[in-house]
Amino acid sequence: MSNQENAPKKKMSRRKFLLATGGVIGGGLVVGFASLTPQHKATQKLVGDKTPLLSSWIKITEDNKVQVIVPHIEMGQGSHTSLPMMAADEMDADWDLVSMEQAPAHAAFANEPLGEGFILGGTDVPDVFAPIINKAFFQIAKGMELQITGGSTAVRFTGQYGMRVAGAAAREMLIKAASETWDIPEAELTAEKSFVLHKASGKRASFGELARKAATYTPNPTPTLKTKDQFTIMGTSKKRFDIPGKVNGTAVYGIDAEVEGMMYGAIRHVPVFDCAITEVDSSAASNMPGVTNIVRLDNAVVVVADKYWRAKKALDTINITHSDSANCSLSSDDLYKQFAEAIETGDPELDVDEGDAAAVLSSSSDVISADYRVPYLAHATMEPMNCTVRIQDGKVDIWTGTQTPITVKSIAAKITGIDIENITYHPCMLGGGFGRRVHQTSDYVAPAVKVAMEVGAPVKLIYSREEDMQQDAYRPALLSRFKAVVADNGAIDAWHNLYTDKNEPAEAPIIPYAANNNYTGVVRSTGHVPFGPWRSVDHSQHAFFIESFVDELADKANIDPYEFRMSKLKDKPRHAAVLKKAAEMAGWQSAAPEGRYRGIALHESFGSIVAEVAEISITDGSIKVHKVSCAVDCGFPVNPDSATAQVESGVIYGLSAALFGEITIENGRVVQENFPDYDVVRLAETPDIQVEFIDSGKEIGGLGEPATPPIAPAVMNAVFAATGKRIRSLPLINHSLV
């Protein structure tokens with residue numbers, strides 16, 4: 001057996017980053033992190049101030065304050081606080097001395113843990129391979145411009161695989177510095193509240209005092225992480241760093257950007273997505289007050305003026321003629337017919353093929369079948385898309401809310417031909433993201449750059465609400481066809497599911513329930529409507545499909561929906577525990593209050609398992625969702641108060657879509673324009689949301705998205721309990737409940 005085979009195996013989370021020998025920059029201290037030399041050098045250059053830097057993500061100032069540099073953008077998810085908590089806890093830092101700093105958009109902060117998390121998850125690898133793997137993943141992350149906020153990855157990947165390791169390594173380096181300074185064995189030293197202590201002698205030194213010496217060491221790539229019972233910061237509810245600025249108005253969003261000499265741009269695209277402009281009549285607009293430029297792009301026109309309102313009013317007078325295409329006559333009904341035909345005739349790609357579901361179905365005289373469908377959905381962020389660009393002296397400055405800062409710079413570099421090192425992204429808060437600001441189509445950054453080039457002055461491009469809603473990148477409309485056979489004993493004898501289109505994650509359509517024969521597959525049938533990742537991506541569609549149809553099977557078997565699910569989770573103890581907890585929270589085994597009805601649903605996504613029970617009433621055909629009982633197994637909530645807020649947010653966002661959300665297509669274009677025809681749940685309509693976490697001790701899961709998928713089926717199953725009507729298409733507002 002080779003030495004490599006004898007090498008101890010550790011979770012990837014134990015060695016995610018190699019920590020580098022530090023140095024001194026600008027009179028301050030640097031203790032390097034991430035041993036890859038190019039990254040380290042770039043990081044030093046970027047943070048070349050007098051503040052001692054303990055890692056790419058951790059600085060220690062000489063007055064003993066810890067600054068944690070967070071590579072993720074804050075869009076309400078709380079990672080600007082949760083990630084520093086994870087690093088500070090492993091350091092044994094005093095939380096009162098910890099602050100957060102937004103990382104610049106730069107390849108030096110390419111998110112290696114994100115790539116590792118997605119690709120390897122919790123895979124065990126020998127430590128001996130750590131340097132090779134770390135280097136490989138950093139190159140992958142840098143090449144893919146992975147400085148992404150999304151996919152519920154901040155805490156579960158960057159935090160777990162990066163911040164904790166960085167903090168633990170820093171603590172070891174600080175203790176070693178004290179050991180050499182005092183000539184005392186490291187084993188006799190401890191760290192506590194941002195000090196290193198030798199309790200026997202009473203010696204103590206602050207992290208700030210030790211940081212310079214600590215910078216001379218090569219960091220341990222596999223530091224010892226704390227066990228959960230040793231946490232002093234993680235698992236406690238800390239006040240979020242981002243909240244005060246949002247309350248007192250000092251937080252800067254993209255739309256707040258102000259640049260000297262700035263002009264304003266209003267944009268209108270060709271309404272049919274795949275068509276191009278053939279003619280523009282701007283005769284009236286060109287002479288309107290304040291208008292300086294009318295810029296024609298391939299599929300849009302931008303009016304530039306000294307005020308946004310003047311630009312928009314001028315834009316309203318412009319007539320745009322566009323090319324024709326087969327999609328110019330398409331409607332939502334046409335697309336659903338296309339989906340149905342694809343299911344009938346398409347060649348499926350298999351997700352699951354266990355047993356012989358087709359044989360069971362063909363031999364049964366009691367097949368349960370149903371078609372479910374969901375519409376396109378817009379993101380409808382409160383802050384419409386906007387981007388401010390200044391091009392001056394061979395340099396580009398960009399202000400916008402984005403989930404992918406490095407990609408923004410790359411877009412500008414490609415358009416302008418200016419080296420990416422001369423392009424600066426100024427981080428801004430996001431007035432809602434939900435996947436809209438991932439820049440797969442770069443639809444609001446690229447036009448802003450092009451217009452700024454054309455105008456020769458700084459330009460703030462702003463989408464109107466109507467333009468934002470009609471030119472989004474949408475959650476796809478889908479059709480899902482189910483067939484099943486339930487045995488006399490209540491077992492699922494056959495489960496057969498064919499659905500249209502597939503994006504991510506791949507596991508979204510996979511059921512957790514035991515089925516004797518399981519066939520699940522997809523047929524490709526996409527339309528011309530652009531796709532964009534929407535909060536929880538494919539999970540939001542498939543949770544509605546699966547959990548509604550499972551309810552149908554329970555009804556067919558005449559078994560309580562909760563008991564029916566539980567009986568099929570014997571090999572899924574985490575799922576069963578979550579479902580049981582939600583049922584207990586809702587009082588499922590007791591009768592609902594008079595006039596109220598309950599529905600239950602369960603779904604796993606992004607490493608977390610969530611069960612929800614919705615309690616509703618229906619009066620004169622109108623639904624009221626009174627209460628949502630939500631049980632969550634995310635492994636371990638790092639900041640419980642912030643985690644609860646994430647779950648509540650996910651429920652409300654999913655409830656808005658379930659009740660009201662629908663983007664329809666007529667003549668190839670989006671019909672809806674604004675919130676009056678794309679409603680959302682208002683404050684007075686928000687149910688009482690109760691959240692409880694199950695501390696399973698498993699890997700930390702995501703929280704930004706997992707609470708969204710179960711709410712639609714939970715509510716629709718409650719509607720069935722109340723009315724006997726099975727809702728198989730969303731939104732609910734399209735169905736009569738009288």
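Which helix does Val408 lie in? Select residues 405–416 and you have it: helix H12. (Helices are DSSP runs of H or I with at least four residues, strands are runs of E with at least two, and both are numbered from the N terminus.)

Before going further, some housekeeping. This is a predicted model, in which local features need pLDDT of at least 70, side-chain atom pairs count only at pLDDT 80 or more, and totals for chains, interfaces and linings use all residues. Numbering starts from 1 along each chain as its sequence is written, and side-chain values use heavy atoms, with hydrogens and water left out.

**Stop 1: colour by confidence**

pLDDT is the predictor's confidence in each residue, from 0 to 100. The protein's mean is 88, with 87% of its residues at 70 or more. Now select residues 1–42: pLDDT is below 50 here, and the stretch has 154 contacts in the model beyond near neighbours in sequence. (A contact means heavy atoms within 4.5 Å.) Residues 122–133 are also below 50, with 29 contacts beyond near neighbours in sequence.

**Stop 2: Val408**

Back to Val408 in H12. Its relative accessible area is 0%, so Val408 is buried. (Buried is under 20% relative accessible area, exposed is over 50%, and partly exposed is in between, using a 1.4 Å probe on protein chains only.) Show what surrounds Val408: leaving aside neighbours within four places in sequence, it is in contact with Ile398, Thr400, Thr402, Tyr425, His439 and Val445.

**Stop 3: strands around S21**

Select residues 459–462, which make up strand S21.

(Two strands pair if DSSP finds at least two bridges between them.) Met263 stands opposite Val459, and Tyr264 opposite Lys460. Then bring in strand S18, residues 386–392, which pairs with S21 in the antiparallel sense, again over four bridges. Here Thr388 stands opposite Lys460.

S11 has another partner: six bridges join it to the antiparallel strand S14, residues 300–305. Look for Gly265, whose bridge partner in S14 is Val304. Six of the seven residues of S11 are buried, so the rest of the structure largely encloses this strand.

**Stop 4: empty space**

Rolling a probe the size of a water molecule over the atoms shows where empty space is left. On a 1 Å grid over the protein atoms alone, a cavity is a set of points where a 1.4 Å probe fits but cannot get out, while a pocket is an open set with protein on both sides within 12 Å along at least five of seven lines; lining residues have an atom within 4 Å of a point.

The second largest pocket has a volume of about 530 Å³. To centre on it, select Phe434, Ile652, Tyr653, Ser656 and Val680, the closest to its centre of the 24 lining residues.

For the largest cavity, the volume is about 70 Å³. Its lining includes Leu377, Arg475 and Trp534. Helix H18 (640–659) and helix H19 (711–723) each supply at least two lining residues, and H18 gives the most, with three.

How values were computed: Grid points are joined across faces, edges and corners, and a volume is the space filled by probe spheres set on the points.
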